[in-house]
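Please read the following report alongside the sequence and the coordinates.

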Amino acid sequence: MAVQQGASEFELIRRYFVGPVPANVLGPGDDCALIPISASASLAISSDMLLEGRHFLSATAADAVGHKALAVNLSDLAAMGARPVGCTLALALPRVDHAWLAGFSAGFQALAQQTGCPLVGGDTTRSDTGSVISVTVLGLVDPQQALRRDAARAGDDIWVSGSLGAADVALRLLQGELATADTGLLQRLRPYLEYPQARLELGQALLGVAHAAIDISDGLRQDLGHILQASACGATLYYDALPQHPDLAGLAPELRQQAVLAGGDVYELCFTASPAKRTAIAAIGQRLGLQLSRVGTINSQRICQVLDGAGKALELVRGGFDHFA
Ligand code: ADP
Ligand code: MG
C-alpha cells in the first residue's frame, strides 16, 4: 500500500531495498515475493501496514479495521493467484483498549477463518503515536503459473473485476471533501472502503488463463502502470468500458473520472490475457458471480492513453503515468 507522496515510495524501494536475490526467487517489485519450496510450489509472501490516521480514520469501527488489515494483504495473494496458508500480525498500540481489541480481533479472525488463513504469530508493543498494524500473509502458488506483473504481452486484453470508484467516494464523503444531496450515498458506499473483499477465488481461477495481474490498491492507472513498466508495454483504456460503480452516476464528471481512474482502496484485480481466453474468462465470471469487464488493450508502444466514447484521448483530471513521463 502506497504512502501518499506520489511515486517517491517506489524510488526509495529501488534505491535502498532492491538487492540481489537468487535466480529462482522473485524479489521486491510484485504483489508478493515468491520463494520456491518444491518444483511445483512457491511460497508467496506479502506485508502491508495500516497506520491510524493514514490508512484508516480513528473513528473507523474496530471490526472494520481488523477485517481490512487482513483483506488488503490477502488481496496481494489474490493478485498472484496464490492460495492463503497463514498470516502473522504485528501491532503497536498507544493504549490498551479492550473493547477496540475485541472488535479488531473479531473482524480479523472472521476473515482469517473464512479464507483459510490462520493467524499463526506476530508481535505486540506500545506505540507513542497512533496504532500501527502490520500483517504478513503467506500463500502457495505454482511459480510457472503465478500472475506476475511482468507477464503482459502486446495484444492482450485488459480486464478489471467488480466495480471502480466506490471506496474513493466513500472516503471523500467521510472526510467532508465532497457534498451530495443523496443522503444514503455514504451508507451504500462505505462497505467498499471498510470491508473490501480480496478476490482470492478469481486469482486462483485465472492461473493458466491470465498473463499478468495486480490488485488495484493505489488506483487503476497507477497500478496498471506497474504492469506496463514491469512488462515494458503500453496500454489503451476505454473509459466507457470501465466498470464505474452505479452509485457514482449522480456525481460531477471530473469527480467520477478521478474516482474511477485514480481512486485507491479498490482491491479488485486488473489482469491481462490473450483475446483467445475471452470465453474462458466470461465463464469464470459466471461461475464466481463476479462482474469481469474488458476495459482495454496492451500494446508495445510504452504509452498509456485513455480514450473516450468517440475514440478521443481523455484529458486526465489528475496526474499521468510518472513511469513514462
Ligand atoms: P502493494 O501495493 O502490492 O502492496 P507496494 O506498492 O506496497 O505493493 O510495494 C511495491 C513492491 O515493493 C512490493 O513488491 C513490495 O514487496 C516491495 N517493498 C515495499 N517496501 C519494501 C521494503 N521496505 N523492502 C523491500 N521491499 C519492499
Ligand atoms: Mg498489490
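Two strands pair if DSSP finds at least two bridges between them, and helices (H or I, at least four residues) and strands (E, at least two) are DSSP runs numbered from the N terminus. This is a predicted model, in which local features need pLDDT of at least 70 and side-chain atom pairs count only at pLDDT 80 or more, while totals for chains, interfaces and linings use all residues. Residues are numbered from 1 along each chain as its sequence is written, chains are lettered from A and ligands numbered from 1 in the order in which they are written, and side-chain values use heavy atoms, with hydrogens and water left out.

Strand S6 (residues 157–161) runs antiparallel to strand S9 (residues 269–273), to which 4 bridges join it, and Asp-157 stands opposite Ala-273 in S9. Strand S6 is also joined by 5 bridges to strand S10 (residues 292–299), again antiparallel, where Leu-292 is the bridge partner of Ser-161. In S6, 5 of 5 residues are buried (under 20% relative accessible area; exposed is over 50%, partly exposed in between; 1.4 Å probe, protein chains only). Asp-157, Trp-159 and Ser-161 point one way from S6, and Ile-158 and Val-160 point the other way.

The magnesium ion (ligand 2) has as protein donors (N, O and S atoms within 2.8 Å of the metal, or 3.2 Å for Na, K and Ca; water is not among the atoms, so sites may look incomplete) Asp-31 (OD), Asp-76 (OD) and Asp-215 (OD), lying 2.0 to 2.1 Å from it. Asp-76 lies in helix H2 (residues 62–80) and Asp-215 in strand S7 (residues 213–215), so the pair ties together parts that are 139 residues apart in sequence.

| Residue | Relative accessibility | Class |
|---|---|---|
| Asp-76 | 7% | buried |
| Asp-215 | 2% | buried |
| Tyr-16 | 52% | exposed |
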